Amino acid sequence: MGKYFGTDGFRGEANRGLTATHAFQIGRFLGGFYKEQKGERAKFIIGKDTRRSSYMLEYALCAGLTSSGADAYLLHVTTTPSIAYVVRTEDFDGGIMISASHNPFYDNGIKLINSRGEKLDETTIARVEAYLDGKTPEMPLAEKDEIGRTVDYAAGRNRYMGYLISLAIRSYRGMKVGLDCANGSSWMLAKSIFDALGAKTYVINAEPDGTNINMNCGSTHIEGLQELVRREKLDVGFAYDGDADRCLAVDENGDVVDGDKILYIYGRYMKERGKLLNNTVVTTIMSNMGLYKAFDELGINYEKTAVGDKYVYENMLANGHRLGGEQSGHIIFSKYASTGDGILTSIKLMEVILERKTTLSKLAAPVRIYPQLLENVRVADKEAALAAPALLAAVKQAEQELGDNGRVLIRPSGTEPVIRVMVEAETDEICRKYVNRLAAEVK
């Protein structure tokens, strides 16, 4: 991670940690740098979520790109995976998504995507950061007919929607589906896709006003969707985050099916059909012990990466794996996408439900999730906190006491000034005991 860019882009409070000046400079660097690399005008796709500050950052990025001679194609309010799709299927040099994902509305972020629809490489990110800090020469300003232009490119978003619809192998007619759009990027896309596939669709949190994105809704506050599924007696529900690159599900009983259970359901489905390349699913260190025990029973191998869908995808790409993801709902189907895609995840879960002619609760039943408690502790210096001898000793003692019946994970957030303290054990009481002890040491 660099000074500005973490595991999921440049993120900070709008006009404090992340300003329009930052966005202008990023756009100006990318436009000039890619022109130098290819010897001709560069083309970038830009998308945004529904935060009020997204418009400010969008215009600043456009000004930066066009002032350096690049063209900016605008998908307007759209999802992160749609940017990745358009970039990799059409003739673009890169993509930019303006979003802070599941963060509150007053935060925002800038995610950079390469021409293959993947997160931008660390070497180029380092060049962007050096330019932001004034350590490299200014990019020359374009003049006359070399100045770039902005282009309305909503058609690209429509093609992405058509692509998702084409991946469904069965009609959803007769299925009652709930969607929680988190007042974010999916609010105009998800319902249209499910309606086109024949579902009777029930939608909540699809009235964005610029300040209500992720507010007590979406994949980080799934209680509203649970209540909707129970009240309307729906077959299934799907909840997205602000930029719709993650998805959590709710079964017909109103119980949550998280990313670990989604990986189990689709991993088993792929193995049964002989489609699970290398017989391996890629997870992160945050995945639950229950998932691994369930995989062991099926004879499915697994790999563990650092937290972040970026690291999951890098592992999948390097080793040829087809399925990977995070407990939080970033699920990557590498045959179809280069990033986590919440709506695609919904379509893939619907496929299993319909093909196996069963309910989501039965599909998820073999996974016994161990209680897991996570507490975020704000700190001034993440590295210093993690290196504190007292904390290291406390972690070692906790691990010895838990043995094979639990685990401890202490890690820094990639996007916030916090240390995440996680304990997994056989009961909630045991988890709370050790989280309290370790959080106190961090504080």
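**Aromatic rings**

Tutor: A search of the whole structure finds 19 aromatic pairs, a pair being two rings of Phe, Tyr or Trp (its six-membered ring) with centres within 6.5 Å; planes under 30 degrees apart count as stacked, over 60 as edge-to-face and the rest as tilted. In one of them, Tyr4 and Phe10, the ring centres are 5.2 Å apart and the planes stand at 35 degrees, so this pair is tilted. The model is predicted: local features need pLDDT of at least 70, side-chain atom pairs count only at pLDDT 80 or more, and totals for chains, interfaces and linings use all residues. Residues are numbered from 1 along each chain as its sequence is written, and side-chain values use heavy atoms, with hydrogens and water left out.

Tyr4 and Phe10 are buried, that is, under 20% relative accessible area, where exposed means over 50% and partly exposed lies in between (1.4 Å probe, protein chains only). Phe10 also pairs with Phe5: their ring centres are 5.5 Å apart and their planes at 65 degrees, so the geometry is edge-to-face. Phe5, like Phe10, is buried.

Elsewhere, one aromatic cluster is formed by Phe29, Phe33, Tyr34, Phe44 and Tyr131.

Charged groups also accompany some rings. The charged end of Lys304 sits over the ring of Tyr292, 4.3 Å from its centre; the criterion is NZ of Lys or CZ of Arg within 6 Å of the ring centre and within 35 degrees of the ring normal. Arg368 lies over the face of Tyr370, at 4.3 Å from the ring centre.
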